[in-house]
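Walk me through this model. Start with its pocket, then take the strands, the loops and the confidence.

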Amino acid sequence: MKSIKILLVAVLIAFSNTVSAKETTPGNDRVNVSVISKQIQKLLENPNFPVEQNFMVKIRLTVNNENEIVVLSVDTRGDKETIGAFVKSRLNYKKLVGNTVKKVYIVPVKIISLQELF
């Protein structure tokens, strides 16, 4: 009786590991985030406001059925209204190249001041 319980537990553990391995594909997710990040970088080039210092922005976005970006929120420590409006105006409903998974992404973006480069 004890050996049947041990065998049953071993089968359940093996089955649960197999199921969880099929549900998540972190390799594909990293590729999606990398592709999205590169396209966002192109869309956010040349801001229409002066950037006086470097700062980080976390953009929470999703992709709709037409493969367009929908910005959900912009998290920053600087001038939230200006930066948020800039990011949303540049990214909302812009088409992405390639197919992406329809889920919520958090993409970190570093905005660099040109004054600090020279």
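**The largest pocket and its surroundings**

Strand 3 gives the largest share of the lining of the largest pocket, three residues. Helices (H or I, at least four residues) and strands (E, at least two) are DSSP runs, numbered from the N terminus. This is a predicted model, in which local features need pLDDT of at least 70, side-chain atom pairs count only at pLDDT 80 or more, and totals for chains, interfaces and linings use all residues. Residues are numbered from 1 along each chain as its sequence is written, and side-chain values use heavy atoms, with hydrogens and water left out.

Strand 3 (104-111) and helix 4 (114-117) each supply at least two residues of that lining. A pocket here is an open set of points on a 1 Å grid over the protein atoms alone, where a 1.4 Å probe fits, with protein on both sides within 12 Å along at least five of seven lines; lining residues have an atom within 4 Å of a point. The volume is about 370 Å³, taken as the space filled by probe spheres set on the points, which are joined across faces, edges and corners. The lining has 16 residues, and Leu44, Asn46, Pro47, Ile111 and Ile112 lie nearest the centre. By class, ten are nonpolar, four polar and two charged. Ala, Val, Leu, Ile, Met, Phe, Trp, Tyr, Cys and Pro count as nonpolar, Asp, Glu, Lys and Arg as charged, and the others, Gly among them, as polar.

Asn46 sits in the loop between helix 2 and strand 1. Its phi is near 55°, a positive value in a residue other than glycine. Asn46 is exposed because its relative accessibility is 65%; the cut-offs are under 20% relative accessible area for buried, over 50% for exposed and partly exposed in between (1.4 Å probe, protein chains only). Pro50 is in the loop between helix 2 (26-43) and strand 1 (55-63). Pro50 is also exposed, at 64%. Its C-alpha atom is 9.2 Å from that of Leu114, 64 residues apart along the chain.

Now the hairpin. Strand 1 and strand 2 (residues 69-75) run antiparallel, joined by six bridges; strands pair if DSSP finds at least two. Ile59 has Val74 as its bridge partner. Five residues separate the two strands, and Asn67 in the turn has a positive phi of about 65°.

Finally, confidence. pLDDT is the predictor's confidence in each residue, from 0 to 100. The protein averages 75, and 68% of the residues score at least 70. Helix 1 (residues 2-23) is lowest, at a mean of 50, and strand 2 is highest, at 93.
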